[in-house]
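Me: Could you help me go through the salt bridges in this model? I will ask about them one at a time.

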Amino acid sequence: MDIKPKHLIQTIIPLIVVVFLSLSYVGYSDLKVSRAAGYQQAKDNVSVANEYLKIHFNSVENHLYLLGQILVRDVVIDEYIAMGDALIANQKKLSEVGLYSQGSYYGTHGIEVHNVANKMENRPWYNPNSKVGESYISPIYMSRTTDKWSVTVVKVIEMANKQLAYILLETDVTELYKQLALLKTMKNGYVYVVDVNSRQIIMHPDHSRIGSLSVSVEPELLQSIQEGETQGAIDGYMYKMRWKFSVYDADNAFGWILLSGTITQDITS
C-alpha cells in the first residue's frame with residue numbers, strides 16, 4: 001500500500017491532538033483531585049490542632065480553679081506554691097505557677113519578689129483592666145525563668161482578705177507544639193499558630209521564627225477575620241522563593257489563628 005506523506009500527516013496530527021487533549025484533561029483532573037486532597041488534609045489538621053489546644057487550655061483552667069480555691073478560702077501562699085511545684089513537676093507543658101497581689105509576686109522555682117507594682121506594666125501577662133473571675137491568655141513572650149517561649153493563662157480572683165490576685169499558669173509553647181508537629185500536610189506541610197492581634201508566630205516547627213511576624217498572615221487577612229471571615233484559605237503566597245498555601249481557622253477562644261499548609265509543588269507534582 002502506497003501511503004502518501006500528505007495523507008499520513010493528515011491522519012497523525014489529529015491523533016496527536018486527541019492524545020494531547022486527553023492527557024491534558026487527565027492531568028487537569030488529577031491536579032483538581034490532588035488540590036482538593038491537599039486542602040482537605042490541611043483542614044483536618046487544623047481541626048485536630050484546635051481540639052488538642054482546647055483540651056490543653058481546659059485543663060489549665062481547671063488547674064487554675066483549684067489553685068484559686070486555696071486563696072479564696074484562706075491565704076496560704078506556701079500551700080499554693082507547693083501545689084504549683086507538684087503540678088509542673090508532672091507536666092512538661094507547664095513551666096511555672098505564679099501569684100501576683102499587692103505588689104508581690106510568688107512563683108514556683110523558689111521565686112519571691114516584693115515591691116514590683118511599678119514594674120507590672122512590663123510583664124506581658126499583666127492586664128490592669130481584668131475583672132474578678134475573668135481569665136485570659138497572654139501574648140507570646142520569652143520566659144525569664146525558663147528562657148523558653150511561653151504563653152500564660154491568667155485568672156483574676158478575690159482572695160480571702162478581699163484583695164485582688166492574679167494567679168498564673170505558664171505554658172512552654174515549644175513543648176505544647178510537639179504533638180502538633182506530628183500533623184503533616186502532604187509531604188512538606190505542617191501546622192503553625194499565629195496571634196490574631198499581633199501577627200506574631202506562636203508555634204512553628206522552625207523555632208527561630210517564633211515571636212516574628214507571619215509571612216502568610218497579612219494585615220488584610222486580619223481585617224477579614226475581624227469582620228467575621230474566621231475560616232478560609234490563603235492561596236499563592238511566597239516564602240524563601242517557594243509558593244505556598246495554607247488553610248486557616250481563627251474560630252477559637254485562644255485569640256489565635258491555626259494554620260496548616262504546604263508548598264504548592266506538593267500538589268502540582
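Me: Which side chain meets K148 in a salt bridge?
Reply: The partner of K148 is D172, at 3.6 Å from N to O. A salt bridge here is a side-chain nitrogen of Lys or Arg within 4 Å of a carboxyl oxygen of Asp or Glu. This is a predicted model, in which local features need pLDDT of at least 70, side-chain atom pairs count only at pLDDT 80 or more, and totals for chains, interfaces and linings use all residues. Residues are numbered from 1 along each chain as its sequence is written, and side-chain values use heavy atoms, with hydrogens and water left out.

Me: Where do D172 and K148 lie?
Reply: D172 is in strand β7 (residues 164-172) and K148 in the loop between β5 (141-142) and β6 (149-158), so the pair ties together parts 24 residues apart in sequence. Helices (H or I, at least four residues) and strands (E, at least two) are DSSP runs, numbered from the N terminus.

Me: Is D172 buried or exposed?
Reply: D172 is buried, with a relative accessible area of 3%, whereas K148 is partly exposed at 40%. Buried means under 20% relative accessible area, exposed over 50%, and partly exposed in between (1.4 Å probe, protein chains only).

Me: Changing topic, how many salt bridges does the whole structure have?
Reply: The search finds three. One of them joins K54 and E51 (3.6 Å, N to O).

Me: How many residues apart are K54 and E51?
Reply: They are three residues apart in helix α1 (residues 5-73), which means a separation of about one helical turn.

Me: And which residue pairs with K178?
Reply: K178 pairs with E175, their closest N and O atoms being 3.3 Å apart. Both lie in helix α3 (residues 173-180), and E175 is buried at 17% relative accessible area.
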